[in-house]
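Please have a look at the model first, and then walk through the points below with it open beside you.

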Amino acid sequence: MRRLVIRPGAIGDFIVSLPAVACLETESFEVWTTARMVPLFPLMKVEGRARAISSTGLDLLGITEAPEGLVEALSEFDSIISWYGANRPEFRKTVAALGLPFTFLEALPPEGVGLHATDFYLEQVRGIAECHSDGIPRIECHGVPGDYAVIHPFSGSARKNWPLEKFRALAGKLERAMPVKWCAGEEDPPLAGAVRIDNLYELACWLAKARMYIGNDSGITHLAAAVGTPVLALFGPTDPEVWAPRGPHVRVGRWK
C-alpha cells in the first residue's frame, strides 16, 4: 500500500503525534509537513520521504485551480491520512469530488477530552492501522554527551513563559554545578548570548548532547525530550496532563 500522511502544525504538535505517524507507516510511505519539520525526518525512526506542504501547492486546493501535478501526485496514493483540512469544508469537498482517498483527523484534542495528546492521536489511527506504540515520541541523535545545561526561556505564547528573571536565578544556581547555555528560537525575543540554531536537525543533535534541559511548554522542550535529554518542563496555564513532553527522563513543574 502507498500511504501519504499530511501533518501540519508547530514543532510540539508534530512531535506529540509522531507515535501515531509511525503507526501509519507502510511499505511505501510519504509525509507532508511544515517546511521547518522536514530536516528532522531522517532522525524520526520512520522510513519514507518527507516534503514541505508549502512546496506541493496543497494549500491552494479548493481555493483556486489545483497546481500542475498536484492531483496526479495525490492520486498515486492508496490511502491519505490528513490532519490538514479537517476544518476547511471547501478543501474536503474538492478532494471528495476528485475521488481522492482522504481520511481526515482532527488536528488538536478537544477541550476536556481527558487524554494526553499523544494518546489522542494514537486512538485516532488505531482504526486505520495496527499499532503497538508505547506512546513515547523518539528522535535519534548520536554524539558525545556534553557537560552543559540548556535553558530555553520562551515558547510560542508569552502567557506560557515562566518569568525570565526566575530562569536567570535558576541558571545562577545551576552554574555552580555545570555551564549553562541559553537557547532561543528564530522567532523568540532577543536574548544576549543565546544559541540560535534554526535548522531543527542541527538543533536536535545539539540538545541531545546536553546534560539537562529546562524550558516552558514549547516545541523545543518536546524536541529535547524526544532526543532523550533529561528535561524539566515548566507549565503555567496549559495542562501538562494533555501537553507535557513524554519520556523516561522528563519531569514537570507547575507555576502560577
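Let's start with charge: the chain carries 26 positive and 30 negative side chains, and the centres of these two sets lie 9 Å apart. Please keep in mind that this is a predicted model.

**The chain as a whole**

- The secondary structure comes to nine helices and ten strands.
- A compact globule of 256 residues would have a radius of gyration near 18 Å, and the chain has 19 Å, so the two values agree.
- Along its principal axes, the C-alpha trace spans about 65 × 40 × 35 Å.
- Buried residues make up 52% of the 256 in the chain.
- If you take the contacts with a separation of 6 or more, 57% of them join residues 24 or more positions apart.
- The chain exposes about 12200 Å², and carbon and sulfur atoms supply 52% of that area.

**Aromatic pairs**

- How many aromatic pairs does a search of the whole structure find? The search finds eight.
- One of them joins Y84 and F91: the ring centres are 5.2 Å apart and the planes meet at 80 degrees, so this pair is edge-to-face.
- W162 and F167 form another edge-to-face pair, with 5.0 Å from centre to centre and 85 degrees between the planes.
- W162 counts as buried at 18% relative accessibility, and F167 counts as buried at 0%.
- Ring pairs also link Y84, F91, F102 and F104 into a cluster.

**Helix 5 and its cover**

- Helix 5 is mostly covered, with seven of its nine residues buried.
- Which residues of helix 5 are buried? They are A117, T118, F120, Y121, L122, Q124 and V125.
- The cover over these buried residues includes strand 1 (2-7), helix 1 (11-16), helix 2 (18-23) and helix 9 (240-243).

- E106 sits in the loop that runs between strand 5 (102-104) and helix 5 (117-125).
- This residue is partly exposed, with a relative accessible area of 40%.
- E106 touches F120, Y121 and Q124, and its contacts also include W83, A86 and N87, leaving out residues up to four places away in sequence.
- Of these, F120, Y121 and Q124 are among the buried residues of helix 5.
- The C-alpha atoms of E106 and A86 are separated by 6.1 Å, although the two residues are 20 apart along the chain.

**T103, in strand 5**

- T103 lies in strand 5 and is partly exposed, with a relative accessible area of 33%.
- Which residues does T103 touch, not counting those up to four places away in sequence? T103 touches I80, I81, S82 and I128.
- From C-alpha to C-alpha, T103 and V5 are 9.7 Å apart in space, while 98 residues separate them in sequence.

- L203 lies in helix 7, which covers residues 200-208.
- Is L203 buried or exposed? At 3% relative accessibility, L203 counts as buried.
- Leaving aside neighbours within four places in sequence, L203 is in contact with C183, I197, I220 and L223.
- L203 and I53 are 150 residues apart in sequence, and their C-alpha atoms are 22 Å apart in space.
- K209 lies in the loop between helix 7 and strand 8 (212-216).
- K209 is partly exposed, at a relative accessible area of 34%.
- K209 touches V144, P145, G146 and Y148, with residues up to four places away in sequence not counted.
- Between K209 and Y148 the distance is 8.3 Å from C-alpha to C-alpha, and the two are 61 residues apart in sequence.

Definitions and conventions:
Residues numbered from 1 in each chain as written. Predicted model: local features only at pLDDT ≥ 70, side-chain atom pairs only at ≥ 80, totals over all residues. Heavy atoms only, no water. Helix = DSSP H or I, 4+ residues; strand = E, 2+ residues; numbered from the N terminus. Rg over C-alpha atoms; globule rule 2.2 N^0.38 Å. Buried < 20%, exposed > 50% of the residue type's maximum accessible area, 1.4 Å probe, protein only. Contact = heavy atoms within 4.5 Å. Areas by Shrake-Rupley, 256 points an atom, 1.4 Å probe, with all protein chains shown as cover. Lys, Arg positive; Asp, Glu negative; His and termini not counted. Charge placed at Lys NZ, Arg CZ, Asp CG, Glu CD. Phe/Tyr/Trp six-rings, centres within 6.5 Å; stacked < 30°, edge-to-face > 60°.
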